[in-house]
Amino acid sequence: METTGGIQASLSGRYAVALFDLARDGKTLDTVAESLAAIKAAMAESADFKGLINSPVLSRDAAGKAIAAVAASMGTDPLTAKFLGVLAENRRLSQLPAIIRAYEALLSNHKGEVRAEVTSAHALTKTQITALSKSLKARVGRDVAVDAKVDPAILGGLVVRIGSQMIDSSIRTRLNSLAHAMKG
């Protein structure tokens, strides 16, 4: 088995491993990854969707019907749609963000990639992400899958995290360092 003990140790990790194994057996690893990426984007963009996932008051049946409707409207693949139904039935929809992160890690490991979490002040274009990926590949010696996030608070520059290594070239950090140096 290609998974790491750290991922399997958590509840979300066990769900991610189960989904990964089913997707691998069905040869739909990338299709499931695309569906999960769309769900991840929807969670970031829609407060209603985020509320559905985190609602403790919805019954299993209501949550299942709601998530099935969302999955159908988003055009998710059948395996991911069924998986979302299982999460709703088991009252585990709140684990979805962690499950998606774990699935991404499993897929990257399967492909021999490393994942880089990149935070920028503004959304990066596909061209910028591709260039950054190539640059990081030259640095780490392996293909790099970039998970881009936006945080206007960093003002500019990038914060890149690959595993436990962090490269912080944000303007916020530079200003804080300058302020600290000026204080003496």
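**A guided tour of helix contacts and domains**

Begin by selecting helix α3 (residues 29-45) and helix α6, whose axes come within 8 Å and cross at roughly 55°. Axes here are lines fitted to C-alpha atoms, for helices over the stretch in contact, with angles from 0 to 180 degrees between N-to-C directions; helices are DSSP runs (H or I, at least four residues) numbered from the N terminus.

The model is predicted: local features need pLDDT of at least 70 and side-chain atom pairs pLDDT 80 or more, while totals for chains, interfaces and linings use all residues. Residues are numbered from 1 along each chain as its sequence is written, and side-chain values use heavy atoms, without hydrogens and water.

Next, display the side chains at this crossing. Val32, Ser35, Leu36 and Ile39 of α3 meet Leu79, Thr80 and Leu84 of α6 (contact: heavy atoms within 4.5 Å). Of these residues, 5 are nonpolar, 2 are polar and none is charged.

Remain on α6 and select Phe83, together with Tyr15. Their ring centres are 6.3 Å apart and their planes lie at 70°, so the pair is edge-to-face (centres within 6.5 Å, planes over 60 degrees apart). Tyr15 belongs to helix α2 (residues 11-25) and Phe83 to α6 (residues 78-89), so the pair ties together parts 68 residues apart in sequence. Both Tyr15 and Phe83 are buried (under 20% relative accessible area, 1.4 Å probe, protein chains only).

Finally, colour the chain by domain: an automatic or database assignment gives domain 1 (2-109) and domain 2 (114-182). The C-alpha centres of domain 1 and domain 2 are 27 Å apart.

Key:
Rings of Phe, Tyr and Trp (its six-membered ring) pair if their centres lie within 6.5 Å; planes under 30 degrees apart count as stacked, over 60 as edge-to-face and the rest as tilted. Helices (H or I, at least four residues) and strands (E, at least two) are DSSP runs, numbered from the N terminus. Buried means under 20% relative accessible area, exposed over 50%, partly exposed in between (1.4 Å probe, protein chains only). Ala, Val, Leu, Ile, Met, Phe, Trp, Tyr, Cys and Pro count as nonpolar, Asp, Glu, Lys and Arg as charged, and the others, Gly among them, as polar.
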